[in-house]
Amino acid sequence: MSMADVSVVVLVALFAATLLPRFNLGLAALPAAFLVGLAADRTADEVTAFFPADFFVLIVGITALFAVAQLNGTLDWLLDGMLRLVGGRVLLVALVPFLIGAVLTAIGTLPAAATAVVAPVALGLAARYGISPLIAAVLGITGIISGLLSPLAVYGTSARRLGDTLEIGLPDSAPVVFFLGGLVAGLAVAAGCLLVGLRTGAVPRGRVSPTAPGTTPTTFVAGPAQAGPETGSEAEATGRAVSPAAARVLTLTCLAAVVVLSVGFDANIGYLGLTAAVVQQIVLRLEPGEIVSRIPWNIVLLVGGLLTYVGLMQDLGAFARISDLLRVEGAPLLSLLVLCYIAGITSFAASSIAVFATTMPLVPAVVAEGASPVGAVLAVALASILVDINPLGITGGLILGAARPDDRPRLFRHLLTYGAVSVVVGPALACVAFGWW
């Protein structure tokens, strides 16, 4: 058995061990990477190099930023405003994260940056208005997926550029078709998600009233420490020498600056978020410990350890091994289906855009067999991104970090189950629905 095979077996064993009481996957992932690395003649420094430092900065910066927004009452104020905007209809409230995500990625926001903005909003709405955290997360990330193939988005531009480079014969209408395909796929998933949510009660029916001033709402918490429910006015006044209105203006200005600088100038949203959090902490005279305690360090450890292990697996050739086992010769649609599964399975634990870019060179052979150029690219792209809603990557880490501490263990299991099902179902649906476009 090769070390690539061993790494796959160990990964399966790690997830199986989560069924045991008092087993912590976050604590076990880094030691597992170290031991498998030693067996594969990788030094500790080489294993450490796989640790996702960019993820660390991203999730710490964004959760710190939204922790400040929660502490001074701005987040509750925003969520109440959204509820008033949609007339209290819970169904429309649930769609707010979908719309925000779709708009952000359609105008060019990177998926990780869009998730960093959408996840706290989606999970905050879920916590306050009785929506299932999983439904809220799926709707938010599905919105992000819906806009990812626009002509301005990273997937849309990459698909066209790679298609031209590989000379697979994309027509001039390809960018529009890509965008429409992504939008149709996102709307279909969102509709199915809402239907399931309404039938199971995960999305309440009817209307709800915004939290009135002076009452005690369930406060959205951006990290592992939960101080308990508190009113917006109490949160705003504690330890602060500025008025509540001034605090909100400062927080909204910082949030807007983070979004504009990250989207318009491609600045790192993690560093921007951390900088904005520090500025507000100083101006609003917040206790630093209150912010630090709300950073989900357990999630940083969990996803950081898993991504380190996944990086080692990639270095050992585990995902190439899986791809080799799945690759078969056959009819055009069968070949495309296998290619979609290669993309989907690999994307489950690796960067989707990287998987898409490395899978695209296999598309010309499928097109040469008779598959539609536009359909083949669209199917592979969607197979790569429909599996993004799982706890093994940055997307899952940001979702878990935005959830209430009590919800995280169950949400982790639900995300893992949803991700596993999407790996089985997503590539097949992408191929069948779009392979002929």
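**Entry 1: Phe51**

I looked up the neighbours of Phe51 and found that Phe51 touches Phe56, Gly304 and Thr308, with residues up to four places away in sequence not counted; a contact means heavy atoms within 4.5 Å. The model is predicted, so I noted its limits: local features need pLDDT of at least 70, side-chain atom pairs count only at pLDDT 80 or more, and totals for chains, interfaces and linings use all residues. Residues are numbered from 1 along each chain as its sequence is written, and side-chain values use heavy atoms, with hydrogens and water left out.

I placed Phe51 in the loop between α3 (44-48) and α4 (53-71). Helices here are DSSP runs of H or I with at least four residues, strands are runs of E with at least two, and both are numbered from the N terminus. I also checked Val303, which is 252 residues from Phe51 in sequence and 9.7 Å from Phe51 in space, C-alpha to C-alpha. Phe51 counts as partly exposed because its relative accessibility is 29%; buried means under 20% relative accessible area, exposed over 50%, and partly exposed in between, with a 1.4 Å probe and protein chains only.

**Entry 2: the chain as a whole**

I recorded 22 helices and 0 strands. Of the 437 residues, 53% count as buried. Among contacts in the chain with a separation of 6 or more, 80% are between residues 24 or more positions apart. The chain exposes about 17900 Å², of which carbon and sulfur atoms supply 69%; accessible areas come from the Shrake-Rupley method with a 1.4 Å probe, and for residues only the protein chains shown count as cover.

**Entry 3: salt bridges**

I found 6 salt bridges in the structure, each being a side-chain nitrogen of Lys or Arg within 4 Å of a carboxyl oxygen of Asp or Glu. Arg404 and Asp407 meet in one of them, at 3.1 Å from N to O. Asp407 also forms a salt bridge with Arg410, where the closest N and O atoms are 3.8 Å apart.

A network of salt bridges that share partners joins Arg160, Asp164 and Asp172. An α-helix has 3.6 residues a turn, so residues three or four places apart point the same way. Asp164 counts as partly exposed because its relative accessibility is 42%.

**Entry 4: helix α22**

Where does helix α22 bend? I located a bend of about 35° at Ser422 in this helix, residues 408-434; the bend at a residue is the angle between axes fitted to the seven residues ending there and the seven starting there. Ser422 is buried, and the buried residues of α22 also include Arg408, Phe412, Gly426, Pro427 and Phe434.

**Entry 5: helix α13**

I noted that Val279 lies in helix α13 (residues 269-283). Val279 counts as partly exposed because its relative accessibility is 38%.
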